[in-house]
Amino acid sequence: MELKSTSGFKSYFTPKRILIGVGVLAALGIAQSSVLMTDAGYTYVHQNNVTGSLDVFTEPGIHFRMPFLSKITRYDQVVTVSFGNNQGEVFYQRLPALQVRFADTYTGQVPATFRFKLSYDPEQLKTMHREFRSNDNLIDTMLIKNARNVTVITSTQYTGEEFFQGGLNQFKAQLSDQLSNGIYTTERRQVEVEQVDLVPVGFDQEDSNKLQATKQLVWKTVPITDKSGNPVRQDNPLKHYGITVTQVTIGDPKPEDQLDKLLTDKKKLVAERIRTIQEQETSKAQAKTEQLRKEIQRTREVQDAQRAKELAVIAQQKEVEVARQIAERELVEERKKKDIATLSKAKELEIAQANLEIQKANSASAMFEAKAIREKGIAEADVLAAKYKALGAHEKVYLAELNRDVANALYQNLPNFKVDMPKNYINGSGGNGMTSNLDVITGLSALGLMEKSTALGSKASVK
């Protein structure tokens, strides 16, 4: 059985099949080594060892390479270097905080983080690769050393007290500027530095800002400027490779013990001084408050007196104004009455004159009317006289015509005439008639009784 299995194995793995398998594996190895797959965030430098040429790839993709005879070097496109205070973050490596020395010989530890960005220019990347050959070497020999060097040099431009008492922001700005554009060319010079010190306590102080700025001569490295006032700079090593500084952050710096003690003591002195001054100012404020209270009381009393005076004056002015208004109103009334009387008299005069004219016209009219009546009467009298004279001459003719006219009138109106005879007649006795009122009353009473008896008789007959 063993001999049979061994012979079967040998019959399967023939030399031909072994060569085919080796060829397939070789082809796969060649294909794999001929393809370069690049990722985002990295720069790849392809070195062809046959031709000695360099190719740079900065974007993700698939590229061809010389199999087995080429070398690929990968660089981080963005590099973050941190010195101290880097817990919880991922960096190239963890470095201690930067140890710096200030112009007044004090030292301190400054935690800082720097972010660098590589260029996308192929020529600058090839130059960088030729000089540093790897990503780690670039970070160690260029970025870390340059960041540390610029930080140390920038710190010599500040005193320790100046740095820890508000100069941190300016320090950060100068550090970023020198990293990006080149280190300042400096010279050592004795300059005046402003420091905050205490001033003597006195009673003439009016506010709580009891610190004063004093000047002190210290040796510092001062930037040299050109004629335009711009700082003269040294050559920037990052500029040759197109590397830019995108971010600089400063952590919480720590002074050395002696400087820390100096700052703490000054802080205590300032606190004690402020407390003393606040007590003085509290006393002054209380005194001013009391004085102000009295001033307010006096002002209030003066205002009350002034207000009472003004009210009295206003009351008098009001009375005077009322009297003046009354007088003016009476004067106006008198003038009104006078004007009305004048107008009334003028009106009466006009009426009298009009009546006079009317009377004159009436008199003239009456005289004319009387003359007209007189003339008319004379004329009518003449006519009547002439008429009567004519009638006297023809008397019989006139009477005949008159009788004719009367007869015509009677004949025409005869149907309208109705003669009712009286029912009762009362005459006096003896042919003398009724000679007194008693006769009349007696006669009328008798007529009334007769009419009543007649009416009762008619009613009885009807029943």
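Here is a short chat about how the labels on this predicted model come about.

User: What kind of model is this, and how are its residues numbered?

Analyst: It's a predicted model, where local features need pLDDT of at least 70, side-chain atom pairs count only at pLDDT 80 or more, and totals for chains, interfaces and linings use all residues. Residues are numbered from 1 along each chain as its sequence is written, and side-chain values use heavy atoms, with hydrogens and water left out.

User: How many helices and strands does the protein have, and what makes a run count as one?

Analyst: There are nine helices and 14 strands. Both are DSSP runs numbered from the N terminus: a helix is H or I with at least four residues, and a strand is E with at least two.

User: Why is the pair Arg233 and Asp177 called a salt bridge?

Analyst: The term needs a side-chain nitrogen of Lys or Arg within 4 Å of a carboxyl oxygen of Asp or Glu. For Arg233 and Asp177 the closest N and O atoms are 2.8 Å apart, so the pair qualifies. Arg233 sits in the loop between strand 12 (211-223) and strand 13 (244-250), while Asp177 belongs to helix 6 (residues 168-181), so the bridge ties together parts that are 56 residues apart in sequence. By this rule, the count is 10 salt bridges.

User: Is Arg233 buried, exposed or partly exposed, and how do you know?

Analyst: Buried means under 20% relative accessible area, exposed means over 50%, and partly exposed is in between (1.4 Å probe, protein chains only). Arg233 comes to 31%, so partly exposed is the label.

User: What links Arg324 and Glu321, and where do they lie?

Analyst: Their side chains meet in a salt bridge at 2.3 Å, N to O. Both lie in helix 7 (residues 257-393), three residues apart, which is about one turn of the helix. Arg324 has a relative accessible area of 37%, so it is partly exposed; Glu321, at 32%, is partly exposed as well. Glu328 joins in too: Glu321, Arg324 and Glu328 are linked in a network of salt bridges.

User: What makes Asp405 and Arg404 a salt bridge at 3.7 Å?

Analyst: That's the distance between their closest N and O atoms, and the limit is 4 Å, so the pair counts. Asp405 is partly exposed at 43%, and Arg404 is partly exposed at 49%.

User: How do you know that strand 6 and strand 10 are paired?

Analyst: Two strands pair if DSSP finds at least two bridges between them. Six bridges join strand 6 (residues 78-83) to strand 10 (residues 112-117), so they pair, and they run antiparallel. Thr80 stands opposite Arg115 in strand 10. Strand 10 also pairs with strand 13 in the antiparallel sense, over six bridges, and there Phe114 has Val248 as its bridge partner.

User: Why is Ser119 called buried, and what does its side chain reach?

Analyst: Ser119 comes to 11% relative accessibility, so it counts as buried. Its place is the loop between strand 10 and helix 3 (122-132). The side chain of Ser119 reaches the backbone nitrogen of Asp121 at 2.9 Å, and makes a polar contact with the side chain of Gln124 at 2.8 Å. A polar contact is a pair of N or O atoms within 3.5 Å; within protein, one must be able to donate a hydrogen and the other to accept it, and residues adjacent in sequence count only if both atoms are side-chain atoms.

User: What about Thr159: buried or exposed?

Analyst: Thr159 is buried, at 1% relative accessibility. It is found in the loop between helix 4 (135-155) and helix 5 (160-164). A polar atom of its side chain lies 3.1 Å from the backbone nitrogen of Glu162. Thr159 and Phe102 are 57 residues apart in sequence, yet 5.1 Å apart in space, C-alpha to C-alpha.

User: How much of the protein is buried?

Analyst: Buried residues make up 22% of the 463 residues.
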